[in-house]
Amino acid sequence: MRTQRTRTPHADTTKPEEATPLTRKLNRRDFVRHAGLGMAAMANVVLTETKTAQASSAEPDADAVGVLIDLTRCTGCNSCALACKVANRKPNPEVAPTELSNDALTYVAVEKDAQGERRFVKRQCMHCLHPACVSACTVGALRKTIEGPIVYDAYKCIGCRYCQYACPFGVPTYDWNNPLGLIHKCQMCFQQRVATGKPPACVTACPSGALRFGKRRELLAQAHAEIATHPQDYVDHVYGEQEAGGTSVLYLSAAPFEQLGFAQPGSSPIPQTAEAVMALTPVVALSVATLATGMHLILRRRQHRDNVAPVTWPETKED
Ligand code: SF4
Ligand code: SF4
Ligand code: SF4
């Protein structure tokens, strides 16, 4: 295996960003507003019985952006994961996460290849070209932008968790502690950075050149060029070129991806399957998800009451 390569750190330093709808604290007025929107959205689903998400049919833009992750350059320093926490105003920004969660939109897994060698693998949303989460979302809370990133609108989300079930990479996490049950996932720093021409915070923070941001088609060409130039350093496979119909996050690796815990979803877009299922059972599935969520919240409240925990509302201070 090639020794770790180093590259001059990027000059741009990561700064705290504006709070997104994902991270914004909810006050009571927000709660009522969300509840109203959620009920209206659910009513819409129940009445029409035909609503399936729309954005999956959008063809990827030729200039869509992406991130190339070169695992042979990753040192496992966690700068990316910590910068992500800062950029997204997550708690404990000095503690490296070990899994995707509401408080961590990316993390660096430590995997072992077939030879027992440690490999660092940054994981986050893959930003699929044909995102199953978007297809599964009945209310359009997840959306594929023309630039590539898959973004989330907390105001539209009804907490049904369809996106969680649909995602072939196990990415979205669900906030059980929030009365509105919000979803959390990487949005490729779209609103805070990419939409204004800046690279994502994690890319900027990486001191090893393991993360590269740019147009997906150019990153793909660069990845294949790296493999051709250094065939001894890489497996001949760019993960994300074909997986699940293609993703905007691409990986290069020295070890076969299946040895490093990468999902093997095949090369067909997942939305085709998700939409077929959704078209058949929208009301039943939504009812089950809503019921499960309601039961969970009731149980949590009982647990709080039995523990004589004080009832606390989300912060009431206006943004
Ligand atoms: S990886 Fe999952 S959450 Fe991310 S875009 Fe694809 S389907 Fe959606
Ligand atoms: S693109 Fe932004 S939100 Fe996604 S992992 Fe990187 S820093 Fe986090
Ligand atoms: S900052 Fe770069 S080198 Fe450090 S863990 Fe993240 S991807 Fe790997």
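Which backbone oxygen does the side chain of Ser253 reach, and at what distance? In this predicted model, the side chain of Ser253 comes to 2.6 Å from the backbone oxygen of Ala255.

**Ser253**
- Ser253 belongs to the loop that runs between strand E9 (249-252) and helix H7 (271-280).
- Ser253 counts as buried because its relative accessibility is 1%, and buried means under 20%.
- Apart from neighbours within four places in sequence, Ser253 is in contact with Leu71, Thr72, Asp233, Tyr234, Val235 and Leu260.

**Val121**
- Val121 is part of strand E3, which covers residues 118-123, and with a relative accessible area of 0% Val121 is buried.
- Although Val121 and Cys74 are 47 residues apart along the chain, their C-alpha atoms are separated by 7.7 Å.
- When residues up to four places away in sequence are not counted, Val121 touches Leu71, Tyr107, Val108, Ala109, Glu111, Tyr251, Leu260 and Phe262.

**Ligand 1**
- Ligand 1 is surrounded by 14 residues, of which the closest are Cys125, Met126, Cys128, Cys133 and Cys167.
- The shell around ligand 1 consists of twelve nonpolar residues, one polar residue and one charged residue.

**Ligand 2**
- Ligand 2 takes up the space of the largest cavity, and the residues around ligand 2 include Cys84, Asn88, Thr106, Lys122, Cys186 and Met188.
- Also among the residues around ligand 2 are Cys189, Pro200, Ala201 and Cys202.
- In the shell around ligand 2, seven residues are nonpolar, two are polar and one is charged.

Methods. Residues numbered from 1 in each chain as written. Chains lettered and ligands numbered in written order. Predicted model: local features only at pLDDT ≥ 70, side-chain atom pairs only at ≥ 80, totals over all residues. Heavy atoms only, no water. Near = heavy atom within 4 Å. Nonpolar A, V, L, I, M, F, W, Y, C, P; charged D, E, K, R; others polar. Helix = DSSP H or I, 4+ residues; strand = E, 2+ residues; numbered from the N terminus. Buried < 20%, exposed > 50% of the residue type's maximum accessible area, 1.4 Å probe, protein only. Contact = heavy atoms within 4.5 Å. 1 Å grid on protein atoms, 1.4 Å probe; cavity = no way out; pocket = protein on both sides within 12 Å on 5 of 7 lines; lining within 4 Å. Sits in = over half its atoms within 2 Å of the grid points. Polar contact = N/O pair within 3.5 Å; in protein donor to acceptor, adjacent residues only side chain to side chain.
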